[in-house]
Amino acid sequence: AILDSCASGAFTRLKGGSFTQPFLLDQGSDVTGHAFLSSSSADEASQESDSLGSSFFTHYLVSGLRGAADSSNDDLVTLDEVYLYAREETLRRTINTFAGPQNASFDFQLTGTGSLVLTDLNTITSSIVLDESIGGRMYVTSEYGPIVAEVEKQIGEELTLAVPAGDYVLTLQGDDRNYEHELSVVPNGSEAVSSRDFRVAFLDRNRVRGNEPATEPISLSVFPGLELVANDPYEVTLSVGLLVGDVYRVRGGQLSSILSIAQENVTGVQLGGAGSTAGGNLIGVQSSGVFGIVGGNLTGAQNSGVFNRVNGDGAYLQNAGLFNITRGTFSGLQTAGAFNLTDSTLNGAQVSGIFNGAGMVNGAQISLVNVGGDVNGAQVGLVNIGRRVTGTQIGLVNISKEMYGVPIGLVSFVEHGIHDASVWWEGEERTFIGFQNGSNIFYTIAYAGVDTSGDWQQLEGLGVGTGVGFRIESRPFYVDFDAGYKRFSTGATANQRLSNLFVSETGAAFPTARIMAGISIGGGLGWFIGASFDYSGPGTVDHIGYFNEDADNVFEAGNAMIYPTFFTGFKL
């Protein structure tokens with residue numbers, strides 16, 4: 001029995017009662033008896049909170065049942081855990097109320113084995129999972145409703161909160177400011193949250209009833225505590241600091257010889273000889289000799305001699321002599337001498353001298369080393385690394401998990417791309433071994449073959465080829481199209497045939513194209529059939545009689561001829 005009423009503690013002293021249909025079926029314990037939880041002692045009032053939209057006891061009891069009371073981190077909320085959580089939190093919040101401290105009470109008369117489990121977090125349908133990096137008091141509020149849960153989260157421990165599907169705002173309470181994160185929980189879904197997801201939510205500077213916030217046209221100070229004009233106004237149009245300027249909010253401009261400090265939003269221009277900081281959002285321009293910091297979102301331009309940092313989202317321009325950091329999404333251009341870093345999504349371009357990094361890229365990264373998550377656009381540098389790349393990577397080394405585009409470089413590796421070693425038989429005479437390497441769609445191919453009807457150990461009929469192509473795939477079936485160049489050698493011995501591959505006046509050299517269809521059996525193994533189309537005409541070389549004008553199935557068009565040859569083979 002759970003009771004939330006004034007003097008409900010008196011009930012815990014009552015004895016007796018009658019059996020009824022049970023509502024709690026816990027297979028992990030075998031206990032009998034009774035358990036009474038009450039919101040207050042026998043002579044106390046049970047208090048309610050307008051801000052919570054609930055009584056204190058019920059609010060913390062429900063928060064505990066959602067997972068906040070899981071002190072053992074076993075994804076099970078027991079009767080003992082939820083009582084201790086609700087009791088401690090209710091007492092903490094009511095110590096300084098007019099009605100005084102409210103002490104929840106209990107009477108447990110249970111015998112048997114195991115702990116009585118009230119919530120099994122392994123069976124919930126939807127949840128919010130707070131990872132180990134989050135620490136502090138957390139409020140979970142429905143976007144259009146009251147506070148759903150409240151928990152004191154410990155760093156180093158993961159915590160799961162069971163919530164209905166819907167839209168929520170998470171508020172993490174800090175010493176001088178709060179941090180917020182908005183999310184949507186879908187039915188049967190789980191949303192993971194880390195400390196990096198939170199953005200600054202600024203505390204309101206409240207005013208006394210009847211008094212309007214103080215707004216001044218100008219603030220003049222030497223340094224904080226020595227103001228010459230306008231002592232600590234709520235908002236100023238122009239802030240001038242002879243050494244350091246420190247105001248709450250700026251709507252216009254702020255200029256200081258050393259530091260320009262705005263505790264909250266800046267709308268306009270903020271200039272500092274050494275540094276400029278805006279605790280809230282900045283709409284306009286921030287420029288400083290050494291550093292610029294925006295605690296909220298940036299909409300405009302940030303320029304400094306050494307570094308810039310935006311703790312929220314940024315838009316339009318970040319330019320620094322050394323580095324730029326944006327903790328949220330950046331839309332626009334980041335330029336820096338050393339590196340740029342965007343934790344979330346980059347919509348635009350990063351240009352730096354050494355390193356660019358972004359959680360996701362919609363645009364371009366240009367630097368010596370570029371690292372992105374999903375890349376929709378281009379990475380240009382010596383080393384390019386992406387997860388799922390739709391576009392291109394141009395560099396000496398290109399690495400990705402998936403590539404839907406063209407990697408251009410000395411070494412390009414796509415983890416889930418095309419890496420096929422093949423052997424096939426062309427016509428009745430030639431056997432080829434080749435290797436295809438590329439993205440999920442485009443590939444390069446290199447191959448070599450000999451005439452196996454003759455003395456293949458002496459490399460009779462030695463030929464090589466290379467080309468580029470693309471694949472259309474609907475697993476397990478695929479179709480490849482490629483075009484390239486073939487060259488066949490001549491000579492009396494194997495050594496002569498190898499050396500003559502590089503002598504243009506010997507052998508045969510001509511363009512070729514292939515089409516083939518195959519099936520992947522599994523583990524990379526597959527079988528394919530296809531046809532190659534060799535071209536003979538102006539610009540081709542044939543000193544060995546490779547092309548036979550009397551051959552069957554030759555297609556002629558003026559001075560050009562196409563020689564089709566069918567082949568079949570296996571790939572690994």
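**Entry 1: charges over rings.** I started with Arg471, which lies over the face of Tyr478 at 4.4 Å from the ring centre. I keep in mind that this is a predicted model. Next I looked up Arg514: its charged end sits over the ring of Trp424, 5.0 Å from the centre of that ring.

**Entry 2: the cluster.** I found one aromatic cluster formed by Trp424, Phe432, Tyr447, Phe528 and Phe567.

**Entry 3: aromatic pairs.** How many aromatic pairs does the count come to? I get 16 aromatic pairs. I picked out Phe291 and Phe307, a stacked pair with 5.7 Å centre to centre and 15° between the planes. Phe291 belongs to strand S25 (residues 291-294) and Phe307 to strand S27 (residues 307-310), so this pair ties together parts 16 residues apart in sequence.

Entry 4: I then turned to Phe432 and Tyr447, which form an edge-to-face pair, 5.7 Å centre to centre with 80° between the planes. Where do the two residues sit? I place Phe432 in strand S39 (residues 430-438) and Tyr447 in strand S40 (residues 442-451), and the pair links distant parts of the chain, 15 residues apart. For burial, I noted that Phe432 has a relative accessible area of 1% and is buried. Tyr447 is buried too, at 7%.

Conventions: Residues are numbered from 1 along each chain as its sequence is written. This is a predicted model: local features need pLDDT of at least 70, side-chain atom pairs count only at pLDDT 80 or more; totals for chains, interfaces and linings use all residues. Side-chain values use heavy atoms; hydrogens and water are left out. Rings of Phe, Tyr and Trp (its six-membered ring) pair if their centres lie within 6.5 Å; planes under 30 degrees apart count as stacked, over 60 as edge-to-face and the rest as tilted. Helices (H or I, at least four residues) and strands (E, at least two) are DSSP runs, numbered from the N terminus. Buried means under 20% relative accessible area, exposed over 50%, partly exposed in between (1.4 Å probe, protein chains only). A charge sits over a ring if NZ of Lys or CZ of Arg is within 6 Å of the ring centre and within 35 degrees of the ring normal.
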